[in-house]
Amino acid sequence: MVENQRWLDYLAHAVLILGVVIVAFPVYVAVIASTHAPTAFTSGTIPLLPGGNAVETYTGVFEGGIASQMSVPIGVMMTNSMIMALAIAFGKIVISILSAFAIVYFRFPFRVLAFWMIFITLMLPVEVRIVPTFEVISNLNMLNSYYGLTVPLMASATATFLFRQVFLTIPDEMMEAARIDGAGPMKFFKDILLPMSQTNIAALFVILFIYGWNQYLWPILVTTDDSYQTIVAGIKRMADVVDSEPLWNSIMSVTVLAMLPPVAVVIFMQRLFVKGLVDSEK
Amino acid sequence: MQTKRTIFGNKGLPYLLLAPQLIITGIFFLWPAAQAVRQSFLREDAFGLNFTFVGLRNYERLLDSPEYLNAIKVTVIFSISTVILALGVSLVLALAVDRMIRSGRAYTTLLVWPYAVAPAVAGILWWFIFNPTIGIMPYVLETFFGYDWNHLLTPSDAMILVVVAAAWKQISYNFLFFVAGLQSIPNSLREAAAIDGAGPFKRFWTITLPLLSPTTFFLLVVNIVYTLFETFAVIDATTEGGPAQATNILVYKVFRDGFVGLNFGSSAAQSVILMGLVIVLTFVQFRFVERRVTY
């Protein structure tokens with residue numbers, strides 16, 4: 001730093017520790033709550049120290065049924081979320097890398113039009129066209145299916161732009177050399193472009209996995225059948241019990257499980273995550 | 001638009017490569033958007049059988065309706081509070097991390113993971129903490145400040161709850177971009193100011209903050225978009241727009257009017273207004289990004 005000012009360093013540490021505590025507090029409370037028996041929540045305040053009911057709570061939500069107020073066992077919901085997150089991440093990457101390849105390496109009529117059509121998707125988030133999109137899905141008989149859950153979310157302007165940027169930075173000589181050696185477009189794509197964009201693909205995958213896992217409005221719209229329920233969308237239905245007090249320990253254990261995969265991805269792949277985040281905002 | 005110096009000559013292949021993207025865009029983005037525009041000029045009878053063209057009546061009725069005006073007001077309050085809170089907290093944290101030489105990375109790891117928490121989950125977590133009967137925060141407020149917290153009844157409490165939940169989730173994102181922004185400010189500038197006798201606070205106001213303004217502006221736009229659209233899940237998982245519409249933000253109202261109220265004409269008109277809003281924001285963002293990218 002510029003000068004050595006001890007008190008500022010202490011202040012900075014204090015601020016950061018406070019920040020970490022604020023950021024972690026809600027999750028701490030959730031983890032603690034999931035280790036208690038349901039009776040711990042009938043009176044007084046939320047416990048702040050671990051209880052002895054963790055095993056029962058978690059086995060309860062994994063088995064499902066009335067004891068945990070869950071109509072769908074958690075395993076089913078997590079599998080659905082996993083399918084959704086992976087399919088969206090994978091699908092978006094494949095679709096956008098192909099379109100970026102077409103836009104950068106070919107010149108054809110309507111190229112600019114295609115580019116703008118892709119760009120427009122940025123301006124049409126699901127939230128602003130809820131009802132008509134639902135009608136389309138229902139007319140196509142895509143309600144309650146994995147196709148309905150994933151395919152409509154696979155178009156992506158951001159990912160296409162990202163790959164376009166990546167391809168533009170790849171030296172022209174690469175392609176000239178490939179052509180001299182007699183490689184066709186798809187061979188060039190497979191043997192040169194794909195390997196050269198590996199880190200970008202991985203970074204984007206991390207971001208898109210989180211995006212897919214955390215979808216909320218879309219699964220609520222598209223699925224009414226319990227067997228397609230995702231975990232993030234399912235928590236709310238658990239908390240919404242009409243007649244009785246919600247079983248907070250079960251709800252919080254489901255919340256913890258819903259956070260676990262994406263948070264693990266961020267923590268263990270922090271470098272890729274940061275790269276993906278910064279790249280996809282350019 | 002930029003391409004390569006040399007290109008492939010195939011005629012059909014580029015269309016084939018673009019097909020999946022464009023088909024999905026056409027069916028699930030452009031068509032519904034066009035339908036929203038069309039429906040916004042129609043009124044449907046109670047059985048959904050007959051449509052009548054009503055021109056701009058749906059829009060007029062919206063702008064006359066106290067509920068819609070209330071939703072606008074609520075959205076403005078919600079957005080501004082969330083953006084200020086999320087940007088303010090993350091800027092302070094980023095400034096603190098920027099001072100750290102060794103421990104910066106560890107703190108960063110501890111601060112960035114909420115990015116991965118779904119907005120709906122963030123809502124549930126804070127809903128639990130603020131639960132009026134068993135929550136920890138109402139207990140603290142009651143004991144130390146004598147304040148009787150109840151977001152199920154008090155509109156301002158409900159607003160605070162959704163603002164806190166929405167801002168909490170966004171802190172890590174803003175933090176990462178602020179840290180990157182701070183690192184791109186040359187140290188020599190701050191050193192020069194220090195030699196000229198400027199203290200840490202003076203340096204912040206005269207050097208750091210102005211040089212950080214591109215990052216701040218970018219984050220401002222991104223955060224506004226976040227509060228306008230992605231916070232749908234926060235609202236739905238917690239207050240559901242209540243009590244007495246106190247947290248019924250515009251996106252949530254589109255959803256409620258369309259799916260619960262089955263008022264398609266009005267919902268479509270609201271969609272179109274929101275689309276206009278996103279278009280303006282995207283335009284602002286891209287104008288700015290173009291100027292920012294100088295490499």
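User: Helices here are DSSP runs of H or I with at least four residues, numbered from the N terminus. With that settled, where is A:Phe110?

Analyst: A:Phe110 sits in the loop between helix H3 (74–105) and helix H4 (111–120) of chain A. Do keep in mind that this is a predicted model.

User: Thanks! What is the phi of A:Phe110 like?

Analyst: Phi is positive there, about 70°, although A:Phe110 is not a glycine.

User: And is A:Phe110 buried or exposed, or something in between?

Analyst: A:Phe110 counts as partly exposed, because it has 13 C-beta neighbours inside 10 Å. The exposed class stops at 12 or fewer.

User: Zooming out, how many helices and strands are there in chain A?

Analyst: Chain A has 14 helices and zero strands. Read from the N terminus, its elements go α-α-α-α-α-α-α-α-α-α-α-α-α-α.

User: How does the radius of gyration of chain A sit against the globule rule?

Analyst: The radius of gyration is 24 Å, well over the 19 Å that the rule gives for 282 residues, so chain A is more spread out than a compact globule. Along the principal axes, its C-alpha atoms fill a box of roughly 75 × 65 × 35 Å.

User: Which domains is chain A divided into?

Analyst: Domain 1 covers 6–74 + 234–264, and domain 2 covers 82–222. Their C-alpha centres lie 35 Å apart.

User: What share of chain A is buried?

Analyst: Buried residues make up 49% of its 282 residues. As for contacts in chain A with a separation of 6 or more, 72% come from residues 24 or more positions apart.

User: Let's do chain B. What is its secondary structure?

Analyst: Chain B comes to 13 helices and two strands. Its C-alpha atoms fill a box of roughly 75 × 75 × 30 Å, taken along the principal axes, and 42% of its 295 residues count as buried.

User: Now the place where the chains meet. How many residues does each chain put into the contact?

Analyst: Chain A brings 84 residues and chain B brings 83 residues. On the chain A side, helix H1 (residues 6–33) gives the most, with twelve residues.

User: What is the make-up by class on that side of chain A?

Analyst: The chain A side has 62 nonpolar, twelve polar and ten charged residues.

User: I'm curious about A:Ile235. What does it touch?

Analyst: Leaving out residues up to four places away in sequence, A:Ile235 touches A:Ile251, A:Val254, A:Thr255 and A:Ala258, along with B:Ala120, B:Val121 and B:Ile124 from chain B. A:Ile235 lies in helix H12 (residues 231–239) of chain A.

User: Why does A:Ile235 count as it does for burial?

Analyst: A:Ile235 is buried because 24 other C-beta atoms lie within 10 Å, and the cut-off for buried is 20 or more.

User: Back to chain B: what about H7(B), how far apart are its ends?

Analyst: The end C-alpha atoms of H7(B), which runs over residues 155–183, are 41 Å apart. At 1.5 Å a residue, its 29 residues should span 42 Å, so the two values agree.

User: Where is the kink in H7(B) centred?

Analyst: The kink is centred on B:Gln170 and is about 35°.

User: How many residues of H7(B) are buried?

Analyst: 21 of the 29 are buried, so H7(B) is largely enclosed by the rest of the structure.

User: And H12(B), which residues are buried there?

Analyst: Among them are B:Leu250, B:Tyr252, B:Phe255 and B:Asp257. Eight of the eleven residues of this helix (residues 250–260) are buried, so H12(B) is largely enclosed as well. Just after H12(B), B:Leu262 takes a positive phi of about 50°.

User: Last one: is B:Val76 buried or exposed?

Analyst: B:Val76 is exposed, with 12 other C-beta atoms within 10 Å. B:Val76 lies in helix H3 (residues 66–99) of chain B, and its C-alpha is 20 Å from that of B:Tyr59, 17 residues apart in sequence.

Definitions and conventions
Residues numbered from 1 in each chain as written. Chains lettered and ligands numbered in written order. Predicted model: local features only at pLDDT ≥ 70, side-chain atom pairs only at ≥ 80, totals over all residues. Expected span 1.5 Å × (residues − 1). Bend = angle between axes of the 7 residues up to and from the residue. Domains from an automatic or database assignment. Contact = placed C-beta atoms within 7 Å. Nonpolar A, V, L, I, M, F, W, Y, C, P; charged D, E, K, R; others polar. Rg over C-alpha atoms; globule rule 2.2 N^0.38 Å.
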